Every structure is written in structure tokens, then in C-alpha cells.
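Open the model in your viewer and keep the selection panel at hand.

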Amino acid sequence: MVLVVKKIVLALGLALFLAGVGARADTLDQVRARGALVCGVNIGLAGFGLPDDRGSWRGFDIDYCRAVAAAIFGDAQKVRFTPLSGKDRFTALQSGEIDILSRNTTWTQSREAGQGLLFVGINYFDGQAFLARKARNLKSVRDLKGASICVQQGTTTELNLADYFRKTGISAETVVFTGGDEALKAYESGRCDAYTTDGSALYAQRLKLSAPDDHEVLAETLSKEPFGPVVRQGDDRWFNLVKWTHFALLDAEELGVTSANVESLRESQNPEIRRLLGADNDFGAGLGLSKDWVARIVKAVGNYGEIFSRNLGEGSPLKIPRGLNAQWRDGGLHYAPPVR
């Protein structure tokens, strides 16, 4: 009798566990039923996520959201953007308020393992850098010895700065502010000799200064800041869909598939391109997508290189060098598994 009861308890426990997983593992179904993807983005960061004069969201992170929408619906406009502060971004994802977080967010062990989240990959390799006046003619971060440095409170940036001072023995004054714009204003007014945050953000913040050309982002960085889209744990199909959307953008650039030639390349005789675009085999089925899911993405938003260029690179006001964000064959770090 005891053995029977134990078996019943174990069976009920397994059933409840599977039911719980099933209840969580339905993001794609929810998105389809809603008719739109809900994407958490920055409140406003030039190059990454910012509404234009007509209220339409533009940016690197925005295009990643549109790429996922294009893969699902064949329509990159079926996205609702939810602006989120650094403090609220993870709570919104955990609670189900958003389907995906695409917001210049650093991948760390504590954020992933400690908060029930999954980073799908690194779409931007960043590092903490410094903004300073060109007139100071700084050659290295070490030249900031004795300087005052503006930093935003409660960020990995503040921690990295403290770690750097501790490791190097360099003394400097840290001036802490609650917000990035507040820190930038203090720097411009002369309250601080330098301003530090992620390098990509500094390129964007520099444009807000009255004389941007009088300031420079130092090439030296203090940390690794790998950015990437984030989803909730517990839904493998959704995790794979967002992850392979990222990989598809990189694979398309490597194979020379662009928004301009994607239609003509559907007839390509290159087997890698044919597999990528769904001309041979159906690699979308395992993701819950159509066989031409990559063609949909590239036609709507372009490949990774196109997204980078128009939002962050030479085609944008920021003009950030590709650097580490170049393809592996060009000396960068981006390397995507193949669609096959």
C-alpha cells in the first residue's frame, strides 16, 4: 500500500511539474494570438533605441525586435515597444509584461542564473570607456589619476570603476549621479574631468553635448560588456527562435545576403545560401516558423552588417567602428553557427 501511495505521489508531482513547464512554454503561441511581439527597450538611447520625430522607434535593439516579428509574422511592424529603465527591465520580463528584452543589457552570471533569465547570445561586444575633452590630450585611462569622474549610481559601471582603482592603485574622485543624463550634464559643466559608462552609450551621449567635436571617447576600456537579447527561462522553443534569429542575421552577412539581393538569391546555386533562405530543406519547422523565415528577416531589416551600419556605424551619426563587432573573418568576434 505504501509503495502504491509513493507511486501516486511521484506521478502527481511529475504531472504538476510538466503542467508548470507547459504553462510557461507558450510564448510563441501567446505572441501569435496577440498578433504582435511585445519588446522591452531603452527609454531612449541614440543608436540603440529612440523614437524619431514621428514617434517611430529606431535603433539597433529596435531592429532586433523587428527581426523576430518578421520571422514570426512576415511583418516587421507587428511589434509593441515598452520603454524600460535599467531598474525595471528584468522585472518586466520576469512578470511576462514583455516577451523579449532588447535593451543594451550586459550578460552576467548573476543576471542569468540568479533571475530566471536567458541571454540568447552576444549581439554587441562593448566595454566600459571614458569620455573626456580632447584638450586634455589623454593617452590612457591612467592619465586620469587625481581626476574627478562622473558615473551613474547602481550600475556595473560604478563597480568596474571601483575595481579598477583598487587593482591599479590609482586615486581619483568618483562623482555619483542617479541618472546618465544628470552625469553627462555635470561632466559638460566642468564638475567632472571625465564621464564613464559603456563605450557605445558614450558615442550616443557625446552627440548631446553643445560641442561634440571637442570631446572624444578614449579607445581603452576597463571591462567586458557583452550585450544581447534576453528571454525568460522555461520556454526552449522561444529561446531557440530568438537565438537563431540572431544567428541568422550574422550568417546572412557572412554569406553576402542583403535586403537588396535576398529575393534574387532565392535562386542561388550556393548550397549554404539555399539552406539559409529555405530553398532547400525546411529549417524553420523546428522553431515553429515557415521555411523562408530567414528571407523574411533579411528582407525586412537587412543582415547584421546593415543593421549595425545604419544605426551605429558609418551610416549613422554615431560612426562607431565595427571593431570587435566585425565578423570573425574580418578580425572581429562575431561567429554564428550555420543554418543546416
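**Stop 1: the largest pocket**

Start with the largest pocket, which holds about 800 Å³ of space. The model is a predicted one. Select Asn42, Gly86, Arg103, Gln152 and Thr155: of the 30 lining residues, these are the closest to the centre of the largest pocket.

Next, colour by secondary structure. Pick out α6 (156–168), α7 (180–189), β11 (194–198) and α8 (199–206). Each of these elements supplies at least two residues of the lining of the largest pocket.

Now switch to domain colours. Which domains each give at least three residues to this lining? Both domain 1 (33–123 + 228–330) and domain 2 (126–226) do.

Then colour the lining by residue class. The largest pocket has 18 polar, eight charged and four nonpolar lining residues.

**Stop 2: the second largest pocket**

Move on to the second largest pocket, with a volume of about 360 Å³. Select Asp126, Tyr203, Ala219, Thr221 and Ile320. Among the 18 residues lining the second largest pocket, these are the closest to its centre.

Show β7 (124–126) and α8 next. These are the elements that give two or more residues to the lining of the second largest pocket.

Bring back the domain colours. Domain 1 (33–123 + 228–330) and domain 2 (126–226) each contribute at least three residues to the lining of the second largest pocket.

Finish with residue classes. How does the lining of the second largest pocket divide? Ten residues are nonpolar, six polar and two charged.

Note on methods
Residues numbered from 1 in each chain as written. Predicted model: local features only at pLDDT ≥ 70, side-chain atom pairs only at ≥ 80, totals over all residues. Heavy atoms only, no water. 1 Å grid on protein atoms, 1.4 Å probe; cavity = no way out; pocket = protein on both sides within 12 Å on 5 of 7 lines; lining within 4 Å. Points joined across faces, edges and corners; volume = space filled by probe spheres on them. Helix = DSSP H or I, 4+ residues; strand = E, 2+ residues; numbered from the N terminus. Nonpolar A, V, L, I, M, F, W, Y, C, P; charged D, E, K, R; others polar. Domains from an automatic or database assignment.
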